[in-house]
Amino acid sequence: MQGFDVRHDVELGYRVRLDLRPTAHHRIVLRFDGVYGFARVWVNGVLAGTHLGGFTRFEFDVTDLVRTDSPNLIAVGVTDQSESVSTASNYAFHPVGGILRPVSVVVLPRTHLAMLHVQTPIEDAGAGNARLELDLQIVGSGAEDGHLAERLQLRLRLTDPDGDEVYLGDAATVTPAPDGSARVVAAVPGARLWSDESPALYELELVVGSARYRQRIGFRDVRVDGHRLVVNDVPVMLRGINRHDIHPRLGRASDGTLEREDLERFRAANINFVRTSHYPPHPALLDAADELGIYVEVENGVCWAGQFGWPATQDDERFAPEYLGPLAEMIERDRNHPSVLIWSIGNESTWGENFRRSFELAVESDPSRPVIMSFAGGPEHVISSHYPAYGEDLGSTGRPVLHDEVVHLPVYQSGDLRRDPGIHADWAASLNDFMVRLYAADGGLGIAIWSGIDEQFALPGGTVGFGPWGILDIWRRRKPEWWAVRSAFSPVQFAFGSIREDGSDLEIPVVNHHSRTGLADFDLVWRRADGSEVRMPLPNVAPASAGAVRLRGALDGIGPLTLRVEGASGRIIDERTLELDDRDAGIDALPATGPAPSWSRDDARITITGRGFSIDIDARTGHLLSAVTGGRVVLSSGWEPWADGLQLEAWCADRVEASTEADDVVIRVDGTAGALAVTTTTRIDSAGIISVDYRLDAAPGALIGRSSELGLAMGLGPEPISTKWIASAPLGIAGDGFLGRSRGSAHREVSADRRAIGEEAPGWNAVASGAIDVSVPDSWSRDFRAGRSTVWNQTVTDASGAGIEYLGDGSQHTRLFPARRVIRPDNPDVSLSGAWEYREVAGGLNQGTVGLVDHRTDDAGATATVRFSGSAIDCLGALGPDLGVVDIELDGVEVASGVDLFSPVDCSGHTLFSAQDLNDGDHELTISVTGRSHRWSAGSAMRLQAFEVFAPRPDVQLAVLAERIYPVSGSFDWVDPAVSKTGADGVHASGSFRIRLLPGIA
């Protein structure tokens, strides 16, 4: 119901007319797979029944209510109850209401199978000896009165994964008891057991009278053994993800068409576990999980009871039916799926009487599976852990601990993601670190990342929704984090930090994290520097064991080494690129040249000229003004101090000296940007090679703000459209869609978004959609703008090939971005009315915002007016738990009304409003605080941080960075908080690099 105002506690209706022609030998059942939340169903004006829930199947026998001589009127009344224990309409701004899943008319014979419970205890996992245990209930033919017709028999047939029939002996024919019940037990020796690594499915066929039923089953059992969870007597490691029902056009509603596609993409990323947050899934998901070999934690629709300000329903008897009814329906519907590993009785709630009753119901209904709940607090069999603090022990000495919500994808750092999309790739280090620690933790059962799919929706007015936190976007395109997951979750892990060289050979340690499968079933395909490929089987390393692989001749030649692990089906398990030695691509790649170029100086500039180039430097500031080669300006500015996030004052040069030293012209500059001291030494040789050494320093506490990047910035003019790079990339994750790949190329232009489910071309990195906020930088592709770490070489060129080549020593980082003018609220071009406070951000749930500064007002009627000249502007501020609603005018015309700034988590640097394609000239924009707020907000304030103004064709800027700091979000990340820095920590950064001028093709 995204885009609609779903009114709580108001019944809304559906009506449809159906022609039904039942006979005396059939029953008519009206089946609903999910209606949120309280439903009443009428047939021809007669109430057929009611249901309370939202995501579980319920049905009514309407045989006696239907008409055969005219169409039948089916009416459904649905109420989204404000006190629903699922809080589904209050989750991440996605209002829910109505019929969410398919509705079916089921025609059944009078005598039919009403219940089938399947269990498959394993007696000897090594031999595959199992039992098939069935509990059945037949209705009709007098069973309700205990007088089932004596002649009725039940016939069973079981076929294995190859389609061959399995001998069941006497169990193949069953005579039910007079009340219609039956229990069947059959030995199945040598069964092929079901697991994530071998999802062997059998088909069970049951014939009752004239009706034939089919149920796919898998032979597997699960139990808790101390602090381990074992499947078929083997401990398992769950490498998982959370998944909501998300359809770009249907919202939370599901027609069952995307479930398999989602799981196929998850499986391709080595995911073997899905948590169905925070309600039972569409049945199609479990069908796909059975086939693909994915374990599932199926969760009851109870969320936040007694937590985060939500009602404490956990001990309130009035709400017991909503706890217990859907839970019983969930277990009844899903219990026969081998993929269902764990029952969850609720999400992030406080233990209470209703959860005690839920636990007992789950154990009594299905004692074959363990039960979990978050937050932990009762006798659950598995402990749930959400977002442990960095460095915390991930194991357990008692019950197994499952980290089923953790390592949150970067999303609350919206301002940082706007600045640098490369943060999506930096997240890989967090996940990799978590997995290394998890494998080493006794009692650590597994992980479920938050989250699988972006929670956004495509409405006619554009994409809306709060949570782009998936490894897939709403159109199921792979985001950079997908490649990070594939590598971190790969059951085949190479220890690149322990490589041994033996002549021209490499020996690489390898660890097998499979539970049951040896590595002999996998191939290693490795590509030499010359592009030739070698395919070889991996050594037969046993499950949960280590070995080594030898690559013969791997060191013959210069260049990267690419390794790809493939399964028997050809599926890529993982792919890495190992940069063995990139010094020849970096700062040492340029040989010494001839005598120094000529230079001259006047009051305004220093001019250096040589073979095919000229360079101008401002004699007063020491900053580069231009560099020309081949008749083209390839540098338009340079060596300006870059300290993103810190508040710098205007630049003032203390010394600008020029001299000739040996074969170079040398420019030495000392100066300050407020409390930031900057020293640069620039050397220019006769070929126009520019060598730069720099240093930035500030005393602790001398600067205000949070430090994100430290280095120097240069302008490349408006023409560059493409970039290529070589970087170290410590994790070596490969894939064209991974923003942190060690080698690659990217184009500046954004591709047209096809907005079609499953499309990979263009990929997510090349389109503008998918962000929480839309801003001017989105007009450049993410791949072009992404920060690159530990860069050896990077070229940035226009269509002719003219531009620059950066050459580094592998210690510096780079980032491209559009030039803009930053106007802060204390600038004379900004007028503030009302009471505004200049303050440092406290952070709240998002500790990554600590150190940021902004202007805040709580005054209804307060305004902020900015006067600017340009063709586009982004208004940057914050979303937060106590912020309200604003209106925005541009040049006297209201352009945005009711902009809601509420968020449960602080998101600083957020684009509150973006205006693009304006006439290039003078404009005035006013933001007005209305005093209104979202119903969940604790206030109606506004926080303003900056305005960024852009020209019609902004220059491409290149920042060379000594420090590029991951924006920790505190409660949600698995990142060492010590990496965060503010002005209180001081500044000490330095680096060296070279720039070669590229003339291009005339």
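A: Ile-1001 touches Arg-632 and Ser-800, residues up to four places away in sequence being left out of the count; contact here means heavy atoms within 4.5 Å. The model is predicted, so local features need pLDDT of at least 70 and side-chain atom pairs count only at pLDDT 80 or more, whereas totals for chains, interfaces and linings use all residues. Residues are numbered from 1 along each chain as its sequence is written, and side-chain values use heavy atoms, with hydrogens and water left out.

Ile-1001 lies in the segment that follows β69 (987-998); helices (H or I, at least four residues) and strands (E, at least two) are DSSP runs, numbered from the N terminus. With a relative accessible area of 65%, Ile-1001 is exposed. The terms are set as follows: buried is under 20% relative accessible area, exposed is over 50%, and partly exposed is in between, with a 1.4 Å probe and protein chains only. Between the C-alpha atoms of Ile-1001 and Leu-646, which are 355 residues apart along the chain, the separation is 40 Å.

Arg-839 belongs to strand β58 (residues 837-840) and counts as buried at 18% relative accessibility. Beyond four places in sequence, Arg-839 touches Leu-852, Val-853, Asp-854, Arg-856 and Arg-943.

Glu-405 is placed in strand β27 (residues 401-406) and is buried, with a relative accessible area of 6%.

Helix α4 (residues 353-365) comes next. Its 13 residues reach 18 Å from first C-alpha to last, close to the 18 Å expected at 1.5 Å a residue; the expected span is 1.5 Å times one less than the number of residues. Asn-354, Phe-355, Ser-358, Phe-359, Leu-361 and Ala-362 are buried in α4. Viewed down the axis, these buried residues fall within an arc of 165°, so they line one face of the helix, the arc being that of the directions from the helix axis to the C-beta atoms. They pack against α3 (320-334) and β25 (371-373).

Strand pairing, finally, requires that DSSP find at least two bridges between two strands. Strands β18 (residues 222-225) and β19 (residues 228-231) pair antiparallel over 4 bridges, with Arg-223 partnered by Val-230 in β19. The two form a hairpin with 2 residues between them, and Gly-226 in the turn has a positive phi of about 65°. In turn, β19 is joined by 2 bridges to the antiparallel strand β20 (residues 234-235), where Val-231 stands opposite Val-234. This pair is also a hairpin with 2 residues between its strands, and Asn-232 in the turn has a positive phi of about 55°.
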